[in-house]
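Trainee: I am new to this structure. Can we go through it in short steps?

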Amino acid sequence: TWIDQRLANHYGVPFPGKDGSRFVPITLPPEKRAGILTHGSVLATHSAIDDTSIVQRGLFVGAALLCMDGVPEPPAELADTINQVTATLKTERARFEHRMETSPCSGCHRTFDPYGVVFEDFDGLGRHRVTSMGEPVDATWEVATPASVAGRVAGGADWANRLASSEDVSACLVRKLGSLALGRPLDDMQSCALASARRSFAMSGGKIRALISELALSPTLRARQEGPQQ
């Protein structure tokens with residue numbers, strides 16, 4: 001990433017330049033940070049005003065990287081119960097564990113909360129931490145699905161590395177870029193037509209340039225069926 005003196009303080013690293021007002025490139029400690037998912041900007045954006053948000057971070061990973069279908073809003077009649085739980089359980093981890101164990105919350109939250117709890121080693125502003133409210137932070141979880149990322153995850157950096165090598169994330173990226181190129185959601189036939197793009201992307205080692213080139217040359221973008229005359 002690029003940092004000035006203020007961002008160096010934020011990330012807890014020494015500023016390598018002489019003029020603290022200028023931005024300079026730096027490689028952040030790999031045991032704490034791994035790619036854009038652990039950038040302060042991304043982590044802070046998907047947090048609550050005064051705390052982290054396992055729900056927001058989990059939904060972001062599910063929707064943006066794994067093409068998870070939309071999640072319904074919690075039933076209105078549960079609003080009071082949710083507020084009571086939030087007031088009683090002081091940490092995000094405790095509230096997460098309550099949702100995972102309690103019906104009907106667990107029905108939906110089991111599908112995306114695990115994607116967010118593993119970022120708990122970063123606070124609401126994206127600063128790395130090992131304690132919260134005087135207690136050790138637990139950012140570990142056994143992620144169950146999809147199979148390409150399944151297993152025990154130990155923190156945000158571990159999670160980001162696992163997602164980066166996931167075939168499901170690669171497939172989702174192809175689908176999203178294909179949809180962006182067409183200017184509309186892909187139907188089943190168009191998704192099938194992008195299979196060659198997925199293969200080329202994998203063979204390139206995950207190079208975005210190769211994927212964009214393959215999408216531009218795909219029949220899905222170069223041809224269309226003749227519609228009714230207007």
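**Cavities and cysteines**

Mentor: A search of the whole structure turns up two cavities of 30 Å³ or more. A cavity is a set of points on a 1 Å grid, over the protein atoms alone, where a 1.4 Å probe fits but cannot get out. This is a predicted model: local features need pLDDT of at least 70, side-chain atom pairs count only at pLDDT 80 or more, and totals for chains, interfaces and linings use all residues. Residues are numbered from 1 along each chain as its sequence is written, and side-chain values use heavy atoms, with hydrogens and water left out.

Trainee: What volume has the largest cavity?

Mentor: Grid points are joined across faces, edges and corners, and the volume is the space filled by probe spheres set on them. For the largest cavity, that gives about 50 Å³.

Trainee: Which helix gives the most to its lining?

Mentor: Lining residues have an atom within 4 Å of a point. Here they include Leu37, His46, Arg57 and Phe119. Helices are DSSP runs (H or I, at least four residues), numbered from the N terminus; α2 (40-45) and α3 (54-65) each supply at least two lining residues. The most, three residues, come from α3.

Trainee: How many charged residues line the second largest cavity?

Mentor: This cavity has a volume of about 30 Å³. Its lining is Tyr11, Val13, Leu28, Pro29, Lys32 and Arg33. Asp, Glu, Lys and Arg count as charged, while Ala, Val, Leu, Ile, Met, Phe, Trp, Tyr, Cys and Pro count as nonpolar. The lining has four nonpolar residues, no polar ones, and charged residues numbering two.

Trainee: Which cysteines form a disulfide?

Mentor: A disulfide is a pair of cysteine sulfur atoms within 2.5 Å. The search finds one. Its sulfur atoms are 2.1 Å apart, and the pair is Cys67 and Cys172.

Trainee: How many residues apart are Cys67 and Cys172?

Mentor: Cys67 is in the loop between α3 and α4 (79-88), and Cys172 is in helix α8 (residues 167-182). The pair links distant parts of the chain, with a separation of 105 residues.

Trainee: Is Cys172 buried or exposed?

Mentor: Buried means under 20% relative accessible area, exposed over 50%, partly exposed in between (1.4 Å probe, protein chains only). Cys67 has 27%, so Cys67 is partly exposed. Cys172 has 3%, so Cys172 is buried.

Trainee: Why is Cys108 not bonded to Cys105?

Mentor: Cys105 is in no disulfide. The closest cysteine sulfur to that of Cys108 is in Cys105, and it is too far for a bond because the distance is 9.2 Å.

How values were computed
1 Å grid on protein atoms, 1.4 Å probe; cavity = no way out; pocket = protein on both sides within 12 Å on 5 of 7 lines; lining within 4 Å.
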